[in-house]
Amino acid sequence: MPRVAAFGLVGKAGIGVFCGCAAVLALPLSEHAAVGALAWTGYVLAVDAAVFAARGRSLLRSRPDAFLWLAVLSVFLWLPFEWYNERLAGWYRSGLPPDLSRYVLLGWSFACVWPALLETADLLLALWFKRGRDDIAARRPGRSSSGGVAAAGAVLLLAPLALPRLDLGEHLLPLLSAGFLLLLEPWNAAGGRASLWSDARSREYSRLLALAGSGVLCGLWLDALNHFSHAKWHSLWSLTSTGALFELPWLAYAVLPLFGWQAFAMYEFAAGLLHLPRWQLGAPSDTAIRGQTGERARPPLPGL
(Lines give C-alpha, C1' and ligand atoms only; values in the text may rest on other atoms or scores of the structure.)
Protein backbone atom coordinates (compact mmCIF):
# COMPACT_ATOMS: atom_id res chain seq x y z
CA MET A 1 0.00 0.00 0.00
CA PRO A 2 1.19 3.59 -0.45
CA ARG A 3 3.43 4.84 2.33
CA VAL A 4 2.33 7.83 4.36
CA ALA A 5 5.64 8.22 6.24
CA ALA A 6 9.29 7.31 5.92
CA PHE A 7 10.45 3.84 6.92
CA GLY A 8 13.16 5.33 9.13
CA LEU A 9 16.71 4.46 10.13
CA VAL A 10 15.61 2.28 13.03
CA GLY A 11 13.53 0.13 10.69
CA LYS A 12 16.42 -0.26 8.27
CA ALA A 13 18.71 -1.14 11.17
CA GLY A 14 16.14 -3.70 12.32
CA ILE A 15 16.10 -5.36 8.91
CA GLY A 16 19.89 -5.38 8.89
CA VAL A 17 20.07 -6.94 12.35
CA PHE A 18 17.46 -9.57 11.52
CA CYS A 19 19.03 -10.55 8.18
CA GLY A 20 22.53 -10.50 9.68
CA CYS A 21 21.51 -12.77 12.53
CA ALA A 22 19.69 -15.10 10.13
CA ALA A 23 22.82 -15.30 7.97
CA VAL A 24 24.98 -16.05 11.01
CA LEU A 25 22.59 -18.77 12.14
CA ALA A 26 22.63 -20.33 8.68
CA LEU A 27 26.42 -20.69 8.80
CA PRO A 28 28.22 -23.15 11.09
CA LEU A 29 29.93 -20.22 12.83
CA SER A 30 27.63 -19.18 15.63
CA GLU A 31 27.87 -20.66 19.09
CA HIS A 32 26.56 -17.57 20.82
CA ALA A 33 23.19 -17.94 22.50
CA ALA A 34 22.16 -14.30 22.02
CA VAL A 35 21.88 -14.42 18.22
CA GLY A 36 18.28 -15.65 18.24
CA ALA A 37 17.10 -13.03 20.74
CA LEU A 38 18.93 -10.32 18.78
CA ALA A 39 17.22 -11.46 15.59
CA TRP A 40 13.80 -11.08 17.21
CA THR A 41 14.74 -7.61 18.42
CA GLY A 42 15.58 -6.60 14.85
CA TYR A 43 12.34 -8.14 13.64
CA VAL A 44 10.25 -6.10 16.08
CA LEU A 45 12.02 -2.85 15.11
CA ALA A 46 11.56 -3.54 11.39
CA VAL A 47 7.87 -4.42 11.69
CA ASP A 48 7.18 -1.36 13.83
CA ALA A 49 8.84 0.83 11.19
CA ALA A 50 6.71 -0.81 8.48
CA VAL A 51 3.52 -0.07 10.45
CA PHE A 52 4.61 3.56 10.83
CA ALA A 53 5.36 3.85 7.12
CA ALA A 54 1.92 2.44 6.27
CA ARG A 55 -0.17 4.38 8.78
CA GLY A 56 1.87 7.25 10.13
CA ARG A 57 1.72 5.86 13.66
CA SER A 58 3.10 2.79 15.39
CA LEU A 59 3.54 1.39 18.86
CA LEU A 60 7.23 2.25 19.32
CA ARG A 61 7.19 5.55 17.41
CA SER A 62 3.93 6.90 18.86
CA ARG A 63 3.72 5.29 22.28
CA PRO A 64 7.17 4.24 23.55
CA ASP A 65 5.80 4.02 27.11
CA ALA A 66 3.20 1.45 26.02
CA PHE A 67 5.89 -0.42 24.07
CA LEU A 68 8.15 -0.61 27.13
CA TRP A 69 5.37 -1.91 29.35
CA LEU A 70 4.39 -4.43 26.67
CA ALA A 71 7.94 -5.83 26.67
CA VAL A 72 7.95 -6.02 30.48
CA LEU A 73 4.53 -7.66 30.55
CA SER A 74 5.65 -10.12 27.88
CA VAL A 75 8.18 -11.66 30.28
CA PHE A 76 5.59 -12.27 32.98
CA LEU A 77 2.85 -13.36 30.58
CA TRP A 78 5.13 -16.10 29.22
CA LEU A 79 6.08 -17.48 32.66
CA PRO A 80 2.80 -19.46 33.10
CA PHE A 81 3.68 -21.44 29.96
CA GLU A 82 7.11 -22.22 31.40
CA TRP A 83 5.44 -23.39 34.60
CA TYR A 84 2.99 -25.61 32.71
CA ASN A 85 5.85 -27.01 30.65
CA GLU A 86 7.46 -28.29 33.85
CA ARG A 87 4.34 -30.39 34.28
CA LEU A 88 3.65 -31.37 30.68
CA ALA A 89 7.23 -31.61 29.34
CA GLY A 90 6.35 -30.11 25.97
CA TRP A 91 9.85 -28.81 25.18
CA TYR A 92 13.36 -28.58 26.53
CA ARG A 93 16.28 -26.24 25.78
CA SER A 94 19.91 -26.82 24.90
CA GLY A 95 22.91 -24.63 24.17
CA LEU A 96 22.27 -21.98 26.84
CA PRO A 97 25.18 -20.92 29.05
CA PRO A 98 25.21 -22.59 32.49
CA ASP A 99 25.72 -19.35 34.45
CA LEU A 100 23.25 -16.57 35.32
CA SER A 101 23.49 -15.13 31.82
CA ARG A 102 21.11 -17.88 30.68
CA TYR A 103 18.32 -16.14 32.59
CA VAL A 104 19.20 -12.80 31.00
CA LEU A 105 18.96 -14.38 27.56
CA LEU A 106 15.70 -16.13 28.40
CA GLY A 107 14.22 -12.89 29.76
CA TRP A 108 15.34 -11.05 26.62
CA SER A 109 13.67 -13.71 24.45
CA PHE A 110 10.46 -13.66 26.51
CA ALA A 111 10.32 -9.85 26.25
CA CYS A 112 10.12 -10.15 22.44
CA VAL A 113 7.14 -12.56 22.32
CA TRP A 114 4.20 -10.19 22.80
CA PRO A 115 5.76 -7.24 20.91
CA ALA A 116 6.43 -9.51 17.92
CA LEU A 117 2.88 -10.90 17.92
CA LEU A 118 1.06 -7.60 18.33
CA GLU A 119 3.33 -5.64 15.98
CA THR A 120 2.87 -8.31 13.28
CA ALA A 121 -0.90 -8.20 13.73
CA ASP A 122 -0.80 -4.40 13.49
CA LEU A 123 1.15 -4.67 10.23
CA LEU A 124 -1.34 -7.16 8.79
CA LEU A 125 -4.17 -4.80 9.71
CA ALA A 126 -2.36 -1.96 7.96
CA LEU A 127 -1.61 -3.94 4.80
CA TRP A 128 -4.53 -6.24 4.13
CA PHE A 129 -7.34 -5.94 6.63
CA LYS A 130 -9.54 -2.89 6.71
CA ARG A 131 -10.57 -1.99 10.22
CA GLY A 132 -14.26 -1.53 10.76
CA ARG A 133 -15.90 1.74 11.71
CA ASP A 134 -15.04 3.07 15.14
CA ASP A 135 -18.66 3.96 15.79
CA ILE A 136 -19.77 0.32 15.86
CA ALA A 137 -21.18 -0.33 19.32
CA ALA A 138 -19.61 -3.44 20.82
CA ARG A 139 -22.24 -5.78 22.20
CA ARG A 140 -21.28 -7.07 25.61
CA PRO A 141 -22.08 -10.71 26.31
CA GLY A 142 -24.69 -11.63 28.89
CA ARG A 143 -23.69 -12.76 32.34
CA SER A 144 -24.83 -16.33 31.83
CA SER A 145 -22.84 -16.84 28.63
CA SER A 146 -19.82 -15.03 30.09
CA GLY A 147 -19.81 -17.25 33.15
CA GLY A 148 -20.07 -20.40 31.08
CA VAL A 149 -17.25 -19.44 28.73
CA ALA A 150 -14.97 -18.37 31.60
CA ALA A 151 -15.73 -21.61 33.44
CA ALA A 152 -14.82 -23.61 30.32
CA GLY A 153 -11.51 -21.76 30.14
CA ALA A 154 -10.80 -22.50 33.80
CA VAL A 155 -11.50 -26.20 33.20
CA LEU A 156 -9.05 -26.26 30.27
CA LEU A 157 -6.35 -24.66 32.43
CA LEU A 158 -6.94 -26.99 35.36
CA ALA A 159 -7.24 -30.20 33.33
CA PRO A 160 -3.47 -30.61 32.67
CA LEU A 161 -2.82 -30.19 36.40
CA ALA A 162 -5.56 -32.56 37.50
CA LEU A 163 -4.66 -35.36 35.10
CA PRO A 164 -1.77 -37.68 35.97
CA ARG A 165 1.46 -36.79 34.25
CA LEU A 166 1.51 -38.41 30.83
CA ASP A 167 4.28 -39.24 28.43
CA LEU A 168 2.29 -37.40 25.77
CA GLY A 169 1.66 -34.32 27.89
CA GLU A 170 3.04 -32.06 25.16
CA HIS A 171 -0.20 -32.60 23.23
CA LEU A 172 -2.10 -30.85 26.04
CA LEU A 173 -0.21 -27.57 25.59
CA PRO A 174 -2.78 -26.14 23.10
CA LEU A 175 -5.31 -26.37 25.94
CA LEU A 176 -3.43 -23.52 27.64
CA SER A 177 -3.98 -21.09 24.76
CA ALA A 178 -7.64 -22.03 24.50
CA GLY A 179 -7.99 -21.86 28.29
CA PHE A 180 -6.52 -18.38 28.68
CA LEU A 181 -8.55 -17.14 25.72
CA LEU A 182 -11.87 -18.43 27.04
CA LEU A 183 -11.15 -17.39 30.61
CA LEU A 184 -10.10 -13.80 29.89
CA GLU A 185 -12.21 -12.77 26.88
CA PRO A 186 -15.48 -12.49 28.88
CA TRP A 187 -13.69 -10.35 31.47
CA ASN A 188 -12.28 -8.08 28.77
CA ALA A 189 -15.65 -7.69 27.08
CA ALA A 190 -17.49 -7.06 30.35
CA GLY A 191 -14.87 -4.55 31.49
CA GLY A 192 -15.04 -2.49 28.30
CA ARG A 193 -11.55 -3.47 27.16
CA ALA A 194 -10.72 -4.43 23.59
CA SER A 195 -12.14 -7.89 23.03
CA LEU A 196 -12.25 -10.33 20.14
CA TRP A 197 -15.60 -11.52 21.47
CA SER A 198 -17.01 -8.02 21.16
CA ASP A 199 -15.50 -7.76 17.66
CA ALA A 200 -17.23 -10.97 16.58
CA ARG A 201 -20.57 -9.93 18.05
CA SER A 202 -20.26 -6.64 16.13
CA ARG A 203 -19.36 -8.57 12.93
CA GLU A 204 -15.90 -6.98 12.86
CA TYR A 205 -13.42 -9.76 12.08
CA SER A 206 -10.31 -7.92 10.86
CA ARG A 207 -8.51 -7.90 14.21
CA LEU A 208 -9.33 -11.57 14.76
CA LEU A 209 -7.95 -12.50 11.33
CA ALA A 210 -4.84 -10.36 11.78
CA LEU A 211 -4.04 -11.97 15.13
CA ALA A 212 -4.55 -15.44 13.65
CA GLY A 213 -2.14 -14.59 10.84
CA SER A 214 0.30 -13.12 13.32
CA GLY A 215 0.33 -16.34 15.34
CA VAL A 216 1.10 -18.39 12.23
CA LEU A 217 3.76 -16.01 10.84
CA CYS A 218 5.58 -15.56 14.15
CA GLY A 219 5.42 -19.30 14.73
CA LEU A 220 6.99 -19.89 11.32
CA TRP A 221 9.79 -17.37 11.98
CA LEU A 222 10.39 -18.85 15.43
CA ASP A 223 10.52 -22.38 14.06
CA ALA A 224 12.94 -21.43 11.28
CA LEU A 225 15.31 -19.37 13.45
CA ASN A 226 15.26 -21.96 16.20
CA HIS A 227 16.09 -24.75 13.76
CA PHE A 228 19.43 -23.18 12.84
CA SER A 229 20.29 -21.74 16.26
CA HIS A 230 22.86 -23.23 18.62
CA ALA A 231 20.85 -22.26 21.71
CA LYS A 232 17.44 -23.71 20.90
CA TRP A 233 14.35 -25.40 22.21
CA HIS A 234 13.37 -28.91 21.18
CA SER A 235 9.71 -29.82 20.82
CA LEU A 236 8.79 -33.25 22.15
CA TRP A 237 5.62 -33.01 20.07
CA SER A 238 7.68 -33.40 16.90
CA LEU A 239 9.17 -36.63 18.28
CA THR A 240 5.72 -38.18 18.61
CA SER A 241 4.27 -36.83 15.35
CA THR A 242 4.88 -37.61 11.71
CA GLY A 243 6.04 -34.77 9.50
CA ALA A 244 7.59 -31.55 10.73
CA LEU A 245 8.63 -28.36 8.96
CA PHE A 246 11.56 -27.59 11.28
CA GLU A 247 11.05 -28.33 14.97
CA LEU A 248 7.27 -27.99 15.04
CA PRO A 249 5.09 -30.66 13.40
CA TRP A 250 2.67 -29.60 10.71
CA LEU A 251 -0.25 -30.12 13.09
CA ALA A 252 1.13 -27.47 15.45
CA TYR A 253 0.63 -24.76 12.82
CA ALA A 254 -3.11 -25.43 12.94
CA VAL A 255 -3.26 -24.26 16.57
CA LEU A 256 -0.96 -21.23 16.19
CA PRO A 257 -3.91 -18.87 15.50
CA LEU A 258 -5.08 -19.71 19.02
CA PHE A 259 -1.80 -18.37 20.37
CA GLY A 260 -2.28 -15.04 18.61
CA TRP A 261 -5.80 -14.65 20.02
CA GLN A 262 -4.76 -15.72 23.50
CA ALA A 263 -1.80 -13.32 23.50
CA PHE A 264 -4.13 -10.41 22.73
CA ALA A 265 -6.60 -11.44 25.45
CA MET A 266 -3.84 -11.79 28.05
CA TYR A 267 -2.31 -8.42 27.14
CA GLU A 268 -5.61 -6.54 27.29
CA PHE A 269 -6.54 -8.14 30.61
CA ALA A 270 -3.16 -7.59 32.30
CA ALA A 271 -2.61 -4.04 31.02
CA GLY A 272 -6.17 -3.06 31.88
CA LEU A 273 -6.04 -4.63 35.32
CA LEU A 274 -2.77 -2.87 36.16
CA HIS A 275 -3.86 0.42 34.50
CA LEU A 276 -0.79 0.45 32.27
CA PRO A 277 -0.39 2.52 29.10
CA ARG A 278 -2.02 0.49 26.36
CA TRP A 279 -1.90 0.44 22.59
CA GLN A 280 -5.10 0.00 20.61
CA LEU A 281 -4.35 -2.59 17.97
CA GLY A 282 -5.46 -1.44 14.54
CA ALA A 283 -6.54 2.02 15.72
CA PRO A 284 -6.69 4.90 13.22
CA SER A 285 -3.61 7.06 13.07
CA ASP A 286 -4.88 9.64 15.53
CA THR A 287 -6.35 7.38 18.21
CA ALA A 288 -3.44 5.77 19.97
CA ILE A 289 -4.60 5.63 23.56
CA ARG A 290 -3.35 5.50 27.08
CA GLY A 291 -5.57 2.97 28.82
CA GLN A 292 -9.17 4.08 28.42
CA THR A 293 -8.55 7.83 28.59
CA GLY A 294 -8.92 8.39 24.85
CA GLU A 295 -5.72 10.45 24.72
CA ARG A 296 -4.76 11.41 21.19
CA ALA A 297 -1.54 10.12 19.73
CA ARG A 298 1.65 11.92 20.55
CA PRO A 299 3.92 13.09 17.75
CA PRO A 300 6.35 10.32 16.78
CA LEU A 301 9.80 10.39 18.31
CA PRO A 302 12.17 12.34 16.05
CA GLY A 303 15.10 10.68 14.40
CA LEU A 304 13.58 7.20 14.29
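I began with burial: 50% of the 304 residues in the protein are buried. I note that this is a predicted model.

Next I looked up the secondary structure. I found 11 helices and two strands. From the N terminus, I read the order as α-α-α-α-β-α-α-α-α-α-α-β-α.

Then I checked contacts between residues at least 6 apart in sequence. Of these, 75% join residues at least 24 apart. I also took the accessible surface, which comes to about 14500 Å². Carbon and sulfur atoms hold 69% of that surface.

I turned to the largest nonpolar core, which has 67 residues. Tyr-43, Trp-78, Phe-81, Trp-114 and Tyr-267 touch the most other members. H11 supplies the largest share of this core, with 11 residues.

Leaving out residues up to four places away in sequence, I listed its contacts as Leu-70, Leu-73, Leu-77, Trp-114, Leu-118, Gly-272, Pro-277, Arg-278 and Trp-279.

I then went through helix H2, residues 35-55. Its 21 residues reach 30 Å from first C-alpha to last, close to the 30 Å expected at 1.5 Å a residue. Because 17 of the 21 residues are buried, H2 is largely enclosed by the rest of the structure. After H2 comes Gly-56, with a positive phi near 80°.

Last, I looked at His-275, in the segment after helix H11 (250-273). Its phi is positive, about 55°, although His-275 is not a glycine. Most residues other than glycine have a negative phi. Is His-275 buried or exposed? I count His-275 as exposed, because its relative accessibility is 73% and the cut-off is over 50%.

Technical notes:
Residues numbered from 1 in each chain as written. Predicted model: local features only at pLDDT ≥ 70, side-chain atom pairs only at ≥ 80, totals over all residues. Heavy atoms only, no water. Helix = DSSP H or I, 4+ residues; strand = E, 2+ residues; numbered from the N terminus. Buried < 20%, exposed > 50% of the residue type's maximum accessible area, 1.4 Å probe, protein only. Expected span 1.5 Å × (residues − 1). Core = buried A, V, L, I, M, F, W, Y, C linked by side-chain atoms within 4.5 Å. Contact = heavy atoms within 4.5 Å. Areas by Shrake-Rupley, 256 points an atom, 1.4 Å probe, with all protein chains shown as cover.
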